[in-house]
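Open the model in your viewer and keep the selection panel at hand. The stops below go from one residue or group to the next.

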Amino acid sequence: MSQIQNIEYLIAHARFEEALAALDALVDECPDDAVLLFMRGKLHWRMGHRSQATSDFSAASAIDPASPAARALEHARDVESFFNPDLYNP
């Protein structure tokens, strides 16, 4: 089983901390791999680590502007900038 398949297995079985540690190690080995950065960004997002996810999406889209990370970065920024005044004025 490849390292990516192992990480996908861990994610599928909700073992997020283990998957994140494995992804961190891979990103340390290959810091310019947009696919790994995007994958780690998605995991960070799923875990609620919004700023880390945005950072990974940004780094991945800088490496490969045509990657899905560019779209994910747009979505993350939309979520961060969302403001609805009606939610604060009952």
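Start by selecting histidine 44, which counts as buried because its relative accessibility is 8%, below the 20% cut-off. The model is a predicted one. Histidine 44 belongs to helix H3, residues 34-47. Leaving aside residues up to four places away in sequence, show what histidine 44 touches: Leu20, His49, Gln52, Ala53 and Asp56.

Select Asp24, Arg40 and Asp56 together; a network of salt bridges links them. Arginine 40 bridges to aspartate 24 at 3.0 Å, N to O. That pair links distant parts of the chain, with arginine 40 in helix H3 and aspartate 24 in helix H2, 16 residues apart. Arginine 40 also forms a salt bridge with aspartate 56, where the closest N and O atoms are 2.8 Å apart. Aspartate 56 lies in helix H4 and arginine 40 in helix H3, so this pair ties together parts 16 residues apart in sequence. How accessible are the three residues? Arginine 40 is buried at 14% relative accessibility, aspartate 56 is buried at 6%, and aspartate 24 is partly exposed at 28%.

The structure holds four salt bridges. For another of them, select arginine 71 and glutamate 74, with their closest N and O atoms 3.2 Å apart. These two are three residues apart in helix H5, so about one helical turn separates them. Glutamate 74 is partly exposed, at 44% relative accessibility.

Next come the rings. There is one aromatic pair in the structure. Phenylalanine 38 and phenylalanine 57 form it, tilted, at 5.8 Å centre to centre and with 50° between the planes. The pair links distant parts of the chain: phenylalanine 38 is in helix H3 and phenylalanine 57 in helix H4 (residues 50-63), 19 residues apart. Phenylalanine 38 is buried at 17% relative accessible area, and phenylalanine 57 is buried at 4%.

Now select tryptophan 45 and arginine 50. The charged end of arginine 50 sits over the ring of tryptophan 45, 4.1 Å from the ring centre.

Move to alanine 14, in the loop between helix H1 (3-12) and helix H2 (16-29). Most residues other than glycine have a negative phi. Alanine 14 is not a glycine, yet has a positive phi of about 55°. Alanine 14 is exposed, at 53% relative accessibility.

Finish with Phe82, Phe83, Leu87 and Tyr88, which make a nonpolar surface patch of about 560 Å². Leucine 87 is in the segment after helix H5 (68-81) and is exposed at 62% relative accessibility.

Methods. Residues are numbered from 1 along each chain as its sequence is written. This is a predicted model: local features need pLDDT of at least 70, side-chain atom pairs count only at pLDDT 80 or more; totals for chains, interfaces and linings use all residues. Side-chain values use heavy atoms; hydrogens and water are left out. Helices (H or I, at least four residues) and strands (E, at least two) are DSSP runs, numbered from the N terminus. Buried means under 20% relative accessible area, exposed over 50%, partly exposed in between (1.4 Å probe, protein chains only). Contact means heavy atoms within 4.5 Å. Patches are made of residues with over 30% relative accessible area and no salt bridge: like charges are joined within 9 Å, nonpolar side chains (Val, Leu, Ile, Met, Phe, Trp, Tyr) within 5 Å. Accessible areas come from the Shrake-Rupley method with a 1.4 Å probe; for residues, only the protein chains shown count as cover. A salt bridge is a side-chain nitrogen of Lys or Arg within 4 Å of a carboxyl oxygen of Asp or Glu. Rings of Phe, Tyr and Trp (its six-membered ring) pair if their centres lie within 6.5 Å; planes under 30 degrees apart count as stacked, over 60 as edge-to-face and the rest as tilted. A charge sits over a ring if NZ of Lys or CZ of Arg is within 6 Å of the ring centre and within 35 degrees of the ring normal.
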